[in-house]
Amino acid sequence: MADPQDDLSPARSEQNSPSLSTCSSPSQSLPSTPSSCGPPHPASPPLGVISEGGGKLSLVIDAEVAQQACQEVLQKVKLRQVDAGPAPGSQHNGPDRGAAAIKPPQIREEDDPEGPAPGSVKSARRRQRHNPSKQSWLLRLFESKLFDVSMAISYLHSSKEPGVQAYIGNRLFSFPHDDVDFYLPQLLNMYIHMDEDVGDAIKPYLVGVACSQLTCSGPGCLLWWLPWRRSEFSLYRLSCVTCPVCLQPVRLAPQREFMKSLMGIGKRLATLPTKEQKTQRLISELSLLNHKLPARVWLPTAAFDHHVVRVPHTQAVVLNSKDKLPEGHANSCDNISQFSVDSITSLDSKEPVFIAAGDIRRRLSEQLAQAPTTFRRDPEDPSAVALKEPWEEKVRRIREGSPYGHFPTWRLLSVIVKCGDDLRQELLAFQVLQQLKSIWEQERVPLWIRPYKIVVLSADSGMIEPVVNAVSIHQVKKQSQLSLLDYFLQEHGAPTTENFLSAQRNFVRSCTSAFKLTAEFVEVMDGPDGDMFNYYRMLMLQGLIAARKHMDRVLQIVEIMQQGSQLPCFHGSSTMRGLKERFHMSLTEEQLQLLVDQLVDGSMRSLTTKLYDGFQYLTNGIM
Amino acid sequence: MSQVEKKAGLLRRTSSSKKPLKEKVVLMYDEIFAKEDPAKNNPRFWDELFLMKVNLEYLESKLESVNGEEVQRIQDNINSLFHHCVQALGEEHQIKVVNALQTLCALFRGVHQKNKSASGFDIINMLMGFDKAEQRMKDLMERLDSLLCGDSSESLKSLCLKLLLCLVTVTDNISQNTILEYVMINSIFEAILQILSDPSSRGQHGYDAVVLLALLVNYRKYESVNPYIVKLSIVDDEPTLDGMGVVLHQALTEYNRQYKDKEEENQGGFFSTLTSMVGSMFIADVDEKLSVQTNEAILLALYEAVHLNRNFITVLAQSHPEIDIPVSPSTPTPTTPTTPLGTTPPSLDVMNNPELPLDPNLQTSNLLITFLKYASIVMQDTKDEHRLNSARLCLIILTCIAEDQYADAFLHDDNINFRVSLHRMPMRHRKKAPGKNIPSRPLVCAVLDLMVEFIVTHMMKDFPMDLYLRCIQIIHKLLCYQKKCRIRLHYTWRELWSALINLLKFLLSNETTLLAKYNIFHLALLVVNLFNMFITYGDTFLPTSNSYDELYYEIVRMHQVFDNLYCMVLRVSTNTGQWKEAASKVTHALVNIRAIINHFNPKIESYAAVNHISQLSEEQVLEVVRSNYDTLTLKLQDGLDQFERYSEQPKEAAFFKELVRSISLNVRKNVSLNTLSQDVLLKEFSTIS
């Protein structure tokens, strides 16, 4: 971390290099991690803290100094010194420590009886009380390899020790950024709704993420748009106070405008009565938006650095239900040339060539029948056609037509812009699903899940990263007029083919993870007695066992968000309890198996089940 | 404001009535037209001159009245005047600049007026002197360029453009205007582009800039390398091209709006029903009222952009919210009096509004749609020479569009759907189509509608053969694209087929009169080949299997027309005469249609006989058609999907020369009409400085 000044302002130097692609392209000299204020993480975990002070002063604390300070603090706690020494964060080596990001923590008495911390921490504390060297145990845990972000968040949330909080606050910088960023909504919620100590501990990291925004598309945008209570105000303050050097408001202005205009389009579309008018307006508004591109703007749903260079506006479609507008969706004409046999080629010979009228007529009806892979365009549901086109094909087609398509780093991104809906609940659902996904990956349960990535932009709008190559089951059925099984047969071939079998297997895996079952789904799985259906039950059980094992990781996400939340899913106090019960911790694995059978049978009867009643999922898109 | 004008008017009148008392400026002009150097006695002569309000009429008439011998005498002084005009353009004092610009206007015009027959070189000599001409014109163009690109007042910019327009249109034939050679060398192309790319300047001067550009492009287009053509063809800056599109869009929209207003005026309540009842009796009268002066200059600009610039095609589909909402009458223009000298139509610039208007009834539109609407109006009546030219140009533009791959792609894009309400000619046998029920379809449907509409409405004695040829060729090009890309357009092809058959019928019944003037066999061949496209390649682009059956049904149903056509072309081709070859081509082209008729007619007759039905229903005929395909053999014809690409030279060169001439006259007229009202300008500058 040679020169923090450089870290903070790479954006300036990168401005002159052209940015490429339909929503795309890293290619610049940007750091690959979203870090700019924090030090690059892979090496020894140093600590980075941003100060609030203005001026051109060093904004990052020397890692070693900070770490040392941390240890000092913990040591002091261990020695039960009631009054606190300097907090780790305030150990600046710059002279601007006055406006320190982290206030001197007040170390509290340990035997605070009201501490409502959940199991792990509580027991740790109990241990602490009887063990003179308890803090060093904790420190050992904190410094061990096993200590991961999930645990850190958990401690941050449940520990009341300012020292611990401050330590973890600093420690956040040393985790892989993607991992920490996953918890950004939680961090933010804690920052806003918990006491000052926690807030102060997290703040440097949040500011760091905010700064990193200057250079990349990291999920830090959350910071600017997450509309939790108070947040707009506090974050505005955060941005103004912390980074006068980065000239943040100015630099973020284009992005903010970009988001605003996307939202504005969505809102205006809502005033139009018909889908057709909406589509026209959408296309025309996006074409106007193109006048401002390329610009230093990005799609927050994308996981890599890029700049948006163009919106292929003619490819935008208005989605069903409410007013969502995705970009980068194509319509498909009959450009799938499966029959390129141009049977009628003109010949040079003078001999007359004869053709049978019957052949022409037959070819016509054959070809019309042969193109079922494209949905018939329905003016009331333009999205179906657009979504059906294979993604690769769409990318290729748009790339060909794009003036930026020749850049090697060109990428096509699509996004659903949703207005008029509070997406925060969906965001939470996304996090839960994502967590389950990583749990299953870790436990090697072959369940397939593809949560939508969601970025909340305001209380009633946001962006969703669409699943490419996916049509909703509803659309499949409506368009193809086939049962789901027949559709599978048509799309993937006969039931014995490799193609069909793997599609079927994938379908089972994804169904399991969605915990959704209808008679038609079962049909695709060879009926209620088929092998595939048994496979489904087995996966179900495996999935549940794995989820149960890591229950804390799931619960924690929800629990933190509960604080200060006005989301409808938290209405009533029973949400957490209800959620916990779903994991059936009290059951043995055998009992659990019985339960799964019951669940499956029950769901067959009631046709639709949702495991998490408390959440309203975007289930229709999960497969 | 109006009071001020009145006052000014009064003053002028009084001053002109007292003849002996001459304005000072007039006296100074007289000095210039004397032998002596006017600065000899008064060293500040030129400074003072440009402080005086220009008297254009006097100056021009003075120049015109100079006779041959005098020219030699006063040439030095005129050269000097020109020189000082150019120099005054660099003055800080805006009034001097204004006066210099106007004086230059008068100089160009006066000299040309006088020497209509004189060669361009003589004129240059008289204005600037041979030896200095190059330098003078270089200075002039540079000054104009910096005035146009700098942040000088809008009125000043407007005046610069007027001067340029005045210069460009000063001769009837633009290519004979030798001074333009200097405008070619010292390009102001970049300044024009800059005006177009900036939303605010585009709003005020866009119209003039576009017209100027269109004219400059046409200077010695076919004889030499015109740098404006080269430059225009390579512009790829999107905002600039969009800007040009917006200007064109607005001008065409304005026309459409005016037409609509007039139309509504003519259809007020009871009277409208009466007129439509009495119909043809008053049609001439109504026509006169309805004809809004066509805007050929704008159309020419659109043509040049589409024809020369590949990137402009995208602008055609660039959507703008419809601008033909009536401008609220209470919108005052406080900052600058809109175009004091302007030909610019009042316009509101969408791009100025970052927030689009929220009216849900607003129809989104684009340049292409507006153009199609415009074309539908213009094509309604082609009797007038101007309108005929406009209609022809519209069809030429459509030809270029239909040939362009990219344009075809968005024309056929399923995702770009619009309701395009074309104007349809009021005719006795059909009601005026209610505009509301037009479905939203890909844009190509509107183009096809327009072509069908044209075919149906122009079968008249004064047959516009040229327009028909273009129209059929446009359809052919679109079909070729659909065949190539296998696009199955959901279009009611039946309307096209019946329109085409009716056209053949018309050709047959007016054979003798038409043959006196035109080669009708060429047109017939094109029409028959359109059918051949459907017959042989229908499998690649027809939307349903049923539509192929319907094609056969339509041919069989109207077999008499094809029979008659065959008889006619056979007769002509067996005789010796000038049409022999043309007619025999049609005979060959008819082979498949005849095969279809000869195959199905007996089948249908026997079906009727077997089932004892005198009149078969459509469904029954279709049934017969469907069940008898297999025994029919067709002959493959070569080159059905080939077409000759559009090229301006040499075929269209004469048309464009004439067109540009007519545009020049029109622009000149409009510029001169307004250039005299200088008061507003002066008032503005007096308040600024």
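Trainee: Is B:Phe656 buried or exposed?

Mentor: This is a predicted model. In it, B:Phe656 has 1% relative accessibility, so B:Phe656 counts as buried.

Trainee: And B:Phe655, buried or exposed?

Mentor: B:Phe655 comes out at 11% relative accessibility. The cut-off for buried is under 20%, so B:Phe655 counts as buried.

Trainee: How many aromatic pairs are there over all chains?

Mentor: The whole-structure search gives 31. One of them joins B:Phe655 and B:Phe656. That pair is edge-to-face, with 5.2 Å centre to centre and 65° between the planes.

Trainee: What about A:Phe142 and A:Phe147, how do they pair?

Mentor: They form a tilted pair. The centres are 4.8 Å apart and the planes make 45°. A:Phe142 and A:Phe147 are both buried.

Trainee: Which residues are in the cluster with them?

Mentor: A:Tyr155, A:Tyr167 and A:Phe175.

Trainee: Switching to helices. At what angle do H24 and H28 of chain B cross?

Mentor: Roughly 40°, with the axes coming within 10 Å. H24(B) covers residues 493–509 and H28(B) covers 559–574. The two are therefore oblique to each other.

Trainee: Is the crossing left-handed or right-handed?

Mentor: Left-handed for H24(B) and H28(B).

Trainee: Which residues meet there?

Mentor: From H24(B), B:Ile501, B:Leu504, B:Lys505 and B:Leu508. From H28(B), they meet B:Val561, B:Phe562, B:Asn564, B:Leu565 and B:Met568. The contact of H24(B) with H28(B) has seven nonpolar residues, one polar and one charged.

Definitions and conventions:
Residues numbered from 1 in each chain as written. Chains lettered and ligands numbered in written order. Predicted model: local features only at pLDDT ≥ 70, side-chain atom pairs only at ≥ 80, totals over all residues. Heavy atoms only, no water. Axes fitted to C-alpha atoms, helices over the stretch in contact; angles between N-to-C directions. Helix = DSSP H or I, 4+ residues; strand = E, 2+ residues; numbered from the N terminus. Parallel < 35°, antiparallel > 145°, perpendicular 65-115°, else oblique. Left-handed = near helix turned anticlockwise from the far one by under 90°. Contact = heavy atoms within 4.5 Å. Nonpolar A, V, L, I, M, F, W, Y, C, P; charged D, E, K, R; others polar. Phe/Tyr/Trp six-rings, centres within 6.5 Å; stacked < 30°, edge-to-face > 60°. Buried < 20%, exposed > 50% of the residue type's maximum accessible area, 1.4 Å probe, protein only.
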